[in-house]
Amino acid sequence: MTTTSTAPTYGGPLAVSTRGLRKTYLRPGRGRSVAVEGLDLDVPLGGVHGFLGPNGSGKTTTIRMLLGLVRPDSGTMRLFDHEVPARLPDVIGRVGAIVEQPRFFPTFSARENLVLLAGAIGVPERTVDVVLADVGLADRARDRYRTYSLGMKQRLAVAATLLKDPDLLIFDEPTNGLDPAGIREVRGTMRALAERGKTVLVSSHILAEVEQVADTVSIIARGRLLASGRVSDLLGSRATSSVRVRLADPASAAGVLTARGWRTTADGEVLVVEGAPAPEHITQALAERGMYVSELLPVRVDLESVFLELTAGQGPGTSAWRPDGGKGRRARRGDARPVGAPTEGGAR
Amino acid sequence: MSRLLRVELRRFRHRITLWLVAGGLVAVAVLTVGSAWSWAVPPTDEELAQRQQFYEQSLADWEEHGEEMVADCREQEAAARTTQPDVDFGCDMMAPRLEDYLGSQLTFADSGLGLVEQMMLPIAFAAGLMAASFVGAEASSGSLGTWLTFAPRRVPVYLSKLGAAVLGVLPPTVLALAVATGGGWAVFAVHGTVGDAGAEVWTRILQADGRLVVVAVVAAVLGVALAFLVRHTAAVLGVVVGWAVVVEGLLRNLVPAVAPMTAQVNLAAWASAGTEYGTTECRTGVDGMQVCDWVSHEVSMTHGGLLLAAAAVVVTVVSVLVLRVRDVS
């Protein structure tokens, strides 16, 4: 599965689709700052879609635009094939969202907060108790929201999204501030929802977290799409046969392995070997010359390395932040690459 | 829309802050009634005897020095008339009169309307504060964003909050007015000083009550609109205080002609079925000295009502337009 530069294609119905989405903010005294620049984003129906990017890359702004909270300067957006924001009221019942930190009335109880939201969409009050139980907050339902820990607030926000029994759930950095148990819990919730046929769009800058749950991802930086596709394709396209080999005499070993036509790179006592058909061929070649490895580790490509490769040199994601004083490579419309396409300066 | 309104009314009922403000308004009404207690109590026989004694002392003094006092008065009046021909020192009315010493007993018929009108500013403030807090708390906590992900049509959301605020301020307003009106009557009734409170008196009092209910509605509308514009209750209070200092205070002093456009004058005109404000008009006298006169101007109830309504409509329209296009955090 690959993407094109402007129109990622999944070959099926889409839960979310944007084309040429642009949003700028006026910063007093600093002119206009571009938050999202010509973003083409497709989220296929069903499964978990990771929306990845450095802090400030435009993820939250994009989500806010999808939810009608922020008005785009230009571009189009569709949710379940309904143009938004024009037809957002027709489709909002199918969308549950947590944007950044959950925001509820601090002096109201968790239950009262949800009862109000349920009332707004005509959901019966008994559903509130069901969703509170679903997220494990039944015992604390009558406590004031302001007394909740961050993890409980996140769970309450998840409960709020479940009130609608939505087809699309949007979680914006849902594990921010959570402890490991909370993170695992949220991950489990997202996976479980996807297995129930829901579409989950989760934005995050924590790659390992997304890699464990996402079926597809979109990677953005400075408001532009860099890559998009299935996680397996994204990782597979960058799969290498690199192996890290630790042994007593790396220099001699490099000679042996290079003679076999494999590429080697020395890194202290470690050799990184590329091109060998399989790790056992390396041990065999070295053993034949009386050299024995103390450690042999196939190098695994993960989402983090893909992400770093794609966003290399792009700072924290905003066009306002240019560590190189503005001389560096700036993402441009059309920069999004098909997964597996050659990249410049990649950490392959 | 009606579903949103029901939910908003439920939220209004559950806000502790609003209960506190409503309680404060009713407490002010109770204090107002309490202040009437001293007016309602008729003088005791001992006080009447003392007043009679003061009168007799004054009368004796008058009989001894009255002619001399009148002559002095006329002399000073004649001197004053050289610059102000129309001046009248009242030299013919210097003789002591018993009724001036005994004083007149205030009755509910005389002062009931005044009691109710005293509630104007507390009602306007409380209603505005409740409405501003109702919306401002939601905007400043960020929960408006959460709300809009459930109810994305912003104009109906605005109208539901406006409707809830208006309906929400009515019960405490009506209760406070009932306390002021009924409590005032009760205080005078206890002391037997209700006076001639017939249908005409009650009609005027109840009409004033009704006009103050309208004041509460206008204040709530303005409170909601300002809270949507500045997104924080404290900021709304800042705007109100700023307006009071700059427009009602400084500007009105510098340019007295703006008085009929100020909130205070128009509120008073509406609540009291017309009011007056004064300006100083100066001219040069016959001796070249500058003479200033206090000139009274009338502002009608209609003028006050129309201006308040226009202000509420304009601020509301601006607020709705801003909410429609504003990014919500």
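## Backbone features of chain A

P85(A) lies in the loop that runs between β5 (82-84) and α2 of chain A. The peptide bond joining V84(A) to P85(A) is cis, with an omega of about 10°. The model is a predicted one, and these values are computed from its coordinates.

F80(A) is not a glycine, yet its phi is positive, at about 50°.

## Salt bridges

Over all chains, a search of the whole structure finds 31 salt bridges. One pairing within chain A involves K59(A) and E173(A), whose side chains meet at 3.6 Å, N to O. This pair links distant parts of the chain, the two residues being 114 residues apart. K59(A) belongs to helix α1 (residues 59-66) of chain A, whereas E173(A) sits in the loop between β7 (168-172) and α6 (180-195) of chain A. Side chains of opposite charge can pair when their charged atoms come close.

## The interface between chains A and B

Contact between the two chains involves 30 residues of chain A and 27 residues of chain B. The area buried between chain A and chain B is about 2,500 Å², and carbon and sulfur atoms give 63% of this area. On the side of chain A, the residues that lose the most area to chain B are L69(A), R103(A) and F105(A), which together account for 24% of what that side buries.

Three salt bridges are counted between chain A and chain B. A salt bridge between the chains joins the side chains of R10(B) and E112(A) at 3.0 Å, N to O. In chain A, the elements β1 (14-27), α2 (88-91) and α3 (110-121) each supply at least two residues of the side that touches chain B. The largest share of that side, seven residues, comes from α3(A). By residue class, the side of chain A that touches chain B comprises 18 nonpolar, three polar and nine charged residues.

## Helix packing in chain B

Two packed helices are described by the angle between their axes and the distance between the axes. In chain B, helix α2 (residues 16-40) packs with helix α6 (residues 120-141) at an angle of about 180°, and their axes are 10 Å apart. Angles over 145 degrees count as roughly antiparallel, and α2(B) and α6(B) are therefore roughly antiparallel to each other.

On α2(B), the contact is made by T17(B), L18(B), V21(B), A22(B), L25(B) and V28(B). These residues meet P122(B), I123(B), A126(B), L129(B), M130(B), S133(B) and F134(B) of α6(B). The contact between α2(B) and α6(B) contains 11 nonpolar residues, two polar residues and no charged residues.

## The surroundings of H191(B)

H191(B) is located in the loop between α8 (154-190) and α9 (199-230) of chain B. Its side chain reaches the backbone oxygen of V187(B) at 3.0 Å. Leaving aside residues up to four places away in sequence, H191(B) touches W37(B), A40(B), V41(B) and P42(B).

Notes:
Residues are numbered from 1 along each chain as its sequence is written. Chains are lettered from A and ligands numbered from 1 in the order in which they are written. This is a predicted model: local features need pLDDT of at least 70, side-chain atom pairs count only at pLDDT 80 or more; totals for chains, interfaces and linings use all residues. Side-chain values use heavy atoms; hydrogens and water are left out. Contact means heavy atoms within 4.5 Å. Buried area is the accessible area (1.4 Å probe) that two parts lose on being put together, summed over both. A salt bridge is a side-chain nitrogen of Lys or Arg within 4 Å of a carboxyl oxygen of Asp or Glu. Helices (H or I, at least four residues) and strands (E, at least two) are DSSP runs, numbered from the N terminus. Ala, Val, Leu, Ile, Met, Phe, Trp, Tyr, Cys and Pro count as nonpolar, Asp, Glu, Lys and Arg as charged, and the others, Gly among them, as polar. Axes are lines fitted to C-alpha atoms, for helices over the stretch in contact, and angles run from 0 to 180 degrees between N-to-C directions. Angles under 35 degrees count as roughly parallel, over 145 as roughly antiparallel, 65 to 115 as roughly perpendicular and the rest as oblique. A polar contact is a pair of N or O atoms within 3.5 Å; within protein, one must be able to donate a hydrogen and the other to accept it, and residues adjacent in sequence count only if both atoms are side-chain atoms.
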